[in-house]
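Please open the structure in your viewer and keep the selection panel at hand. The tour below goes from stop to stop, saying at each one what to select and what is to be found there.

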Amino acid sequence: LVEDITDYGILTVAMMDPSIFEIRCNGKEIKVEKDGRIVDLTDNEGNIISFSSVEQQDIVMRKLLGDVRLTPKDSLPNSRTVEGYRIAAVHSSRISPDPSDPTAQAYHAFVLRKFRKTKMSLDEIVRNRTLSDNMARFLSLVTAGGLTFCTVGPTASGKTTTNNSILQAVPPSTRTVLIQNPSEIDLRKKDSSGRVYNDVLHLEAIDKENPTSKDATMENLMIHSLRLSPTFMCLGELRTNKEFKLGLQIGQAGHPFNCTYHAWDSHEAIKRYLVAYLSESGNEPSHLALDTITSIIDIIIVQKRLKDGSRKIVQISEVLGVSDNNRERAEINDLYIFDVDADPIYDDAGNVIEIRGRHKRVGKLRGRAIQKFKFEGVRSSDYEFIMRDIDEDEEETYTGENVYLGRVR
């Protein structure tokens with residue numbers, strides 16, 4: 001009992017293990033994502049760990065949820081642990097009973113997502129083979145070049161980690177405002193005395209029923225942010241239709257921004273933005289809305305978690321505008337893709353242990369991004385490699401060297 005109250009009981013090992021990034025409780029059973037794979041939670045001797053009683057689970061969950069209540073009335077809470085980890089819970093009253101054992105005790109469910117205590121840099125992510133050296137070199141330029149970019153993909157695909165690494169390349173003199181719910185990206189740069197020397201402001205939004213205009217919701221902070229002298233803005237994850245619309249208004253005001261949301265590929269990312277925007281904007285013709293969206297978003301990054309547990313950037317695309325042949329379709333110029341070029345490798349149990357493929361460049365930069373680079377003082381020699389014609393013998397590398405092209409980190 002003392003261990004359960006002062007610590008996290010049977011979850012303590014998982015909470016402390018840096019190789020575990022997600023804890024999933026599906027009732028009394030517990031799964032964890034460890035080293036990219038979903039496995040049962042086990043103790044040091046390899047025995048599977050599960051909750052032995054509802055009372056035991058309640059004690060642990062009260063510690064995890066803090067001041068947030070989990071009751072039949074408040075059955076779907078979101079919270080943060082004292083470490084800052086995100087947790088989404090479901091009360092046992094919302095869990096369907098087991099038809100083979102309808103009188104069994106009802107347990108709660110939750111998913112707890114951890115984050116790294118240290119920021120991963122682009123060169124580290126390259127060495128993990130999430131993307132190649134040249135892909136990282138290009139992405140290290142997007143913030144310095146004043147480009148608006150969206151990072152999309154499914155839940156738990158690693159979008160936030162990738163964004164955090166890209167945004168570390170924001171020049172210290174660039175006035176940067178971050179609005180997140182919850183805060184996951186930290187861009188503070190400190191000197192040897194601990195002083196934050198870059199011009200950055202971190203804002204955290206709250207969720208609140210029936211908010212007033214004075215409450216720090218995501219929407220209110222996005223509206224207020226234009227009064228905070230931003231040059232570049234990080235909007236975290238866009239969720240509501242109003243947030244998508246406000247993001248576009250920020251872009252129309254001349255402020256490049258970054259955001260994440262869920263989409264399958266680059267074309268679907270534009271469609272998702274368009275549908276959300278039109279749902280909020282009323283009767284605006286879709287082709288005019290599409291023209292506005294494609295004139296503001298410059299780059300789309302698509303990241304996925306593959307069946308073998310690895311996380312890959314599978315597409316980096318340049319948004320050129322609206323297609324000349326169809327004003328209802330965006331013109332997308334793919335720059336890099338992850339090409340699955342061989343059958344997967346399975347283990348003896350039939351599990352996929354490797355998705356075989358390679359990153360490759362399939363296009364060259366040719367839109368307004370070039371002009372933006374010039375106006376923002378990015379040297380042409382820094383992006384010359386992505387302006388060349390495609391060479392079939394071109395091979396992507398994963399050394400993590402010279403990723404930042406001499407730019408200040």
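Predicted model: local features only at pLDDT ≥ 70, side-chain atom pairs only at ≥ 80, totals over all residues.

Residues are numbered from 1 along each chain as its sequence is written, and side-chain values use heavy atoms, with hydrogens and water left out.

Begin by selecting residues 30-34, strand E2, together with residues 37-40, strand E3, which pair in the antiparallel sense over four bridges. Strands here (E, at least two residues) and helices (H or I, at least four) are DSSP runs numbered from the N terminus, and two strands count as paired if DSSP finds at least two bridges between them. Within this pair, Val-32 has Val-39 in E3 as its bridge partner. The two strands form a hairpin with two residues between them, and Asp-35 in the turn has a positive phi of about 55 degrees.

At the E4 side, three bridges join E4 to strand E5 (residues 86-90), the two running antiparallel, and Arg-80 stands opposite Arg-86 in E5.

**Second stop: the nine-stranded sheet**

Which order do the strands of the mixed sheet follow? Nine strands form this open sheet, in the order E9-E8-E10-E11-E7-E12-E13-E14-E17. Strand E9 (200-204) and strand E17 (357-361) stand at the edges with a single partner strand each, so one side of each is left without a neighbour in the sheet.

Now select strand E7 (residues 149-152) and strand E11 (residues 257-261), which run parallel and are joined by four bridges. Cys-150 has Cys-259 in E11 as its bridge partner.

Keep Cys-259 selected: is it buried or exposed? Cys-259 is buried, with a relative accessible area of 0%; buried means under 20% relative accessible area, exposed over 50%, and partly exposed in between, with a 1.4 Å probe and protein chains only. A search of the whole structure finds zero disulfides, a disulfide being a pair of cysteine sulfur atoms within 2.5 Å. For Cys-259, the nearest cysteine sulfur is that of Cys-150, 3.6 Å away.

**Fourth stop: the nonpolar cores**

A nonpolar core is a set of buried Ala, Val, Leu, Ile, Met, Phe, Trp, Tyr and Cys residues joined through side-chain atoms within 4.5 Å. Select Ile-179, Leu-235, Tyr-261, Ile-270 and Tyr-273, which touch the most other members of the largest such core, a set of 42 residues. Helix H9 (residues 266-281) gives the largest share of this core, six residues. Apart from it lies another core, of 41 residues, including Met-135, Phe-149, Phe-232 and Ile-299.

**Last stop: Lys-372**

Finally, select Lys-372 in helix H11 (residues 368-375), a residue that is partly exposed, with a relative accessible area of 25%. Leaving aside neighbours within four places in sequence, Lys-372 is in contact with Gly-145, Gly-146, Leu-147 and Asp-298, where contact means heavy atoms within 4.5 Å. To end, draw a distance from Lys-372 to Phe-110, 262 residues apart along the chain: their C-alpha atoms are separated by 45 Å.
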